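Reader: Please give me a close look at a single residue in this model and then place it in its wider setting. I would like the cut-offs behind the terms as you go.

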Amino acid sequence: MSTRSTLRLVLRRLVQMAPVVVLATFVVFALVQLIPGDIAITLAGEGVSEQRIAEIRRLYGLDRPFLLQYAHWLGDAVQGNLSVSLLSGEAVVESISRRLPNTLLIVSLALLISMVVGIPLGIAASVRPGSRLDGFVSVLGSLGIALPGFWLAMLLVAVFAMKLNWFPATGAKSLTEAPLSALHYATLPAIALAASGIAEVARQSRSALLEVMSSQYVRTLHAKGLPQRLVFWKHGLKNVSVTLLTVFGLLVNRMLGATVVIEAVFAIPGMGSLIVNAATGKDYPVVQGVMLTMVVIVIGLNLLIDILYTLFDPRVDAR
Amino acid sequence: MTHEATSSPTMLATGRPSDPKMPPPRRFALLRLVVRNTGASMALAYLLVLLALALAAPWIAPHSPTVQDPAAVLAPMSAEHWLGTDDLGRDVFSRLIHGAPLTLAASFLAVGVATVIGLPLGLLAGFLGGWFDEAISRVIDTLLSFPAIVLAIGVTGALGVGLTNSMIAVGLVFAPTLARLVRGQTLIVRRELYVDAARCFGAGRTRLILRHILPNAVQPVIVQMTLLLAAALLAEASLSFLGLGVQPPQPSWGAMLARAYQYMEIAPEQMYAPGIAILLTALAFNTLGEALRVALDPTLRHR
């Protein structure tokens, strides 16, 4: 594919993505409209003067029409201004940029573990479908999907942190300041997060491999005398990579959600504790900021995956 | 359960084409197919027992779920307290049993909300097409871009903390999944010959949708709803664990885990029972859903 058509493809995807991004910001903003009653009073808290409520109304532009409020908020957000926390008074962008690295470290590590463990399991299971190993992987898959991640996290803490003392039970360290220590702290949370990921990756790569290996062209490859090993490793796995790309996008979305609960178990100062405390304390600017950050990450990564798709797999229509 | 039942008026009314190669559907045929699978029949049995326990909770639980016994705090398992007591001296077994109706009702509420919103929107989008479909599809794409728990937390934060609100939030978050599925099914079914035939006989839009499209698009939806019950159960546990769902002293399984977490260093065994209950129930819903998928899809049946 030439550079020019690649560029055209990227531009086309960006244009297609635009309405989803705009809608997502609208959802985040409109969330505040779900609050029952007068938002200004809710924001101000109980027992404040009329004057303070009026002040809040002006401060948040609540006296203006809804769409104008939205336009204003969006304009600020694009310039990197997400208002200030109602509880701490800190700029929301500040709190997020301080906490996002902790969350991203766990999620990236969990994604890595899911792929590194899940793919070999899926391959092993697909080699002899119906075998004991296949059955084992299938049971593991069902368990991984039904297991509450935060419960697994608690079990891990009980065994590996409290009993064996191999890993710290709570907290996080900065990857830039103390990389090894940061990984040490992130290991247990990442494992807890990866359990469902491993299950998903193993399941999907197994079924994708089985499908490819029973396809017409693989039969042709066999017929022309290509050895089984070459068929499997060269042609089978190549086709599975496309499926894995899809699963990867799915997992990023799911893990950014699941990490919220896992972070609570390990008392990690990440995006999770930020949004949970904000939601309980009715700190809406912070809730909106975290939601916006997460949805932008998900949409951005999916855009990237979409583009990679078309580059990997010429069968995918570039339209 | 004879073969005559196949040509009953209801079969004709739903317009299902009769394929001579397919074995004729029978009453309870679905149930039979599901039960033929050992795992699925175990899952079904487990869920029925759980439902019975949940309904009979006030009568069978040996103790009150909320009465505190300061003399027996964090007691180990005993004949008096089968699963021990929690940090306030409340009987864990009784709380577990009383938590069952709460936890199950929460899951059903969330899936109910998701169905009430997602089903009609998906049907209309698929049936009407055009700008309406375009708009609904973009909204679905957008909502599915949010990590589910994060969106649920955001909505719960706005609606106010509590079990009902948090489950409505989870329902809202699940609705796009169902809507997308129903839309896809509707797109397939509305091109079927029998829908054209009904239209030629003068059936209106409402009748077409309700009598001809919905019944034939509904099977994958039932599968998805079963799977969503498991997802809702896990979401309830997560949100209650975070303190956004059920409020004390009510005993949902997630809330029990939240308490167990606080006393983990002294009494790690507190976390076993509620966690196992959540795991088994989610596993049962998932197993049942997968079995239904296989039973309803003739191409998978004989694998």
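Author: **One residue and its setting**

Pro285(A) sits in helix α12 of chain A, which covers residues 284-312. Helices are DSSP runs of H or I with at least four residues, strands are runs of E with at least two, and both are numbered from the N terminus. This is a predicted model: local features need pLDDT of at least 70, side-chain atom pairs count only at pLDDT 80 or more, and totals for chains, interfaces and linings use all residues. Residues are numbered from 1 along each chain as its sequence is written, while chains are lettered from A and ligands numbered from 1 in the order in which they are written.

Pro285(A) counts as buried because it has 20 C-beta neighbours inside 10 Å. The term buried asks for 20 or more other C-beta atoms within 10 Å of a residue's own; 12 or fewer make a residue exposed, anything in between is partly exposed, and the C-beta atoms are placed from the backbone. Leaving out residues up to four places away in sequence, Pro285(A) touches Leu82(A), Ser83(A), Val84(A), Ser85(A), Leu86(A) and Val92(A). A contact here means C-beta atoms, placed from the backbone, that lie within 7 Å. Leu59(A) is 226 residues from Pro285(A) along the chain, and their C-alpha atoms are separated by 13 Å.

Among contacts in chain A with a separation of 6 or more, 71% join residues 24 or more positions apart.

Another helix of chain A is bent. Helix α8 (residues 179-213) has 35 residues, yet its end C-alpha atoms are only 42 Å apart, short of the 51 Å that a straight helix would reach at 1.5 Å a residue. That expected span is 1.5 Å times one less than the number of residues. A kink of about 40° in α8(A) is centred on Ala194(A), where the bend is the angle between axes fitted to the seven residues ending at a residue and the seven starting there. α8(A) is mostly covered, with 25 of its 35 residues buried.

Chain B has 14 helices and zero strands, and 46% of its 303 residues count as buried.

The largest nonpolar core has 157 residues, and those with the most contacts inside it are Ile275(A), Ala152(B) and Phe174(B). Such a core is a set of buried Ala, Val, Leu, Ile, Met, Phe, Trp, Tyr and Cys residues joined through C-beta atoms within 7 Å. Helix α5 (residues 92-128) of chain B gives the largest share of this core, 16 residues. Apart from it lies another core, of five residues, among them Ala208(A), Val212(A), Met213(A) and Val240(A).

Methods. Contact = placed C-beta atoms within 7 Å.
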